[in-house]
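Please read it beside the sequence and the coordinates.

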Amino acid sequence: AAYPFTTREATPGMMRYEDIAFQLVDLPPLNDDHVEPWVFDMVRRADLLWIVVTVENAVDGLELTRRILQAKGIEIEAVKRALVVTTGIDREGGEEDVAIVDELLEHRWPLTPVSVMTNRGIDELARRTFAALEIVRVYTKQPGKPADRQAPFTLPRGATVGDLAARVHKELAASMKHARIWGPSAFDGQVVHADHVLVEGDVVEIHI
């Protein structure tokens, strides 16, 4: 809503990005007066933070957020991955304000301007979220059948075939003999083993 402190409790939601979805949790805003301790616990466990600030108050809002989190031992630059999301670009002069904020921050933070009224910038925010999470999408298939393109597995960059097998089922990882790969990390149908590193878009056929 168009007034401060709208969110009073953790509010979950989902955000689509192509064939996957991110789980989001909207948290009560950080302020100097009072922050519930559980808010910091959720921040610590998050894979990525969106620091959401209004474009007309972005610099002060970012500094306030950094200071409050730092006081709780949470270093958003050194420890936590974060995106700065600036709202209000739909209002008059909003785009010019984003450029000014970017200059004031000396381009140290990649700003993602959005409008919650018109959904402008939301697709770009989803793309940047995917990139910031440093994950890859990997698809599986059974012998003689096409790849399952409806439900990819998401794994951290650098994950191996063995990691994928364990994600599918822990017993599969223990009994796997080898796998075949179709995709960027190998030639089509190449036989690989558990230590083979997967990349975005690989299709994997696990053999036991």
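1. A residue is called buried under 20% relative accessible area, exposed over 50%, and partly exposed in between, with a 1.4 Å probe and protein chains only. G201 has 24% relative accessibility and therefore counts as partly exposed. G201 sits in the loop between β9 (186-192) and β10; helices (H or I, at least four residues) and strands (E, at least two) are DSSP runs numbered from the N terminus. Between G201 and W182 there are 8.8 Å from C-alpha to C-alpha, and the two are 19 residues apart in sequence.

2. Basis of the model. This is a predicted model, in which local features need pLDDT of at least 70 and side-chain atom pairs count only at pLDDT 80 or more, while totals for chains, interfaces and linings use all residues. Residues are numbered from 1 along each chain as its sequence is written, and side-chain values use heavy atoms, with hydrogens and water left out.

3. Overall layout. The chain contains six helices and 10 strands. Its C-alpha trace spans about 60 × 35 × 30 Å along the principal axes. Of the 208 residues in the chain, 38% are buried.

4. How many salt bridges does the structure hold? The number is 10, a salt bridge being a side-chain nitrogen of Lys or Arg within 4 Å of a carboxyl oxygen of Asp or Glu. E124 takes part in a salt bridge with R127, where the closest N and O atoms are 2.5 Å apart. Both residues, E124 and R127, belong to helix α4 (residues 122-133) and lie three residues apart, about one turn of the helix. E124 also meets R128 in a salt bridge, at 2.9 Å from N to O. R128 and E124 are separated by about one helical turn because they are four residues apart in helix α4. E124 counts as partly exposed because its relative accessibility is 30%; R127, at 40%, counts as partly exposed, and so does R128, at 26%.

5. A salt bridge between distant parts of the chain. K141 pairs with E205 in a salt bridge whose closest N and O atoms are 2.7 Å apart. This pair links distant parts of the chain, 64 residues apart: K141 is in the loop between β6 (135-140) and β7 (153-156), and E205 is in strand β10 (residues 203-207). Are K141 and E205 buried or exposed? Both K141 and E205 are buried.

6. Salt bridges join E18, D19, R137 and E200 in a network. E18 is placed in the loop between β1 (11-17) and β2 (20-26), and its 57% relative accessibility is why E18 counts as exposed. Most residues other than glycine have a negative phi. Phi of E18, however, is positive, near 50 degrees. N119 also has a positive phi, near 70 degrees. N119 lies in the loop between β5 (111-114) and α4 and, at 55% relative accessibility, counts as exposed.

7. The second largest pocket. A pocket is found on a 1 Å grid over the protein atoms alone, as an open set of points where a 1.4 Å probe fits, with protein on both sides within 12 Å along at least five of seven lines; lining residues have an atom within 4 Å of a point. The second largest pocket holds about 150 Å³ of space, a volume being the space filled by probe spheres set on the points, which are joined across faces, edges and corners. Its lining consists of N31, D32, V35, P37, F40, R44, I68, A71 and K72. Helices α1 (37-45) and α2 (58-71) are the elements that give two or more residues to this lining, and α1 supplies the largest share, three residues. By class, the lining has five nonpolar, one polar and three charged residues; Ala, Val, Leu, Ile, Met, Phe, Trp, Tyr, Cys and Pro count as nonpolar, Asp, Glu, Lys and Arg as charged, and the others, Gly among them, as polar.

8. Helix α2 again. L64 is located in helix α2 and, with 23% relative accessibility, counts as partly exposed. The C-alpha atoms of L64 and H107 are separated by 18 Å, and the two residues are 43 apart along the chain.
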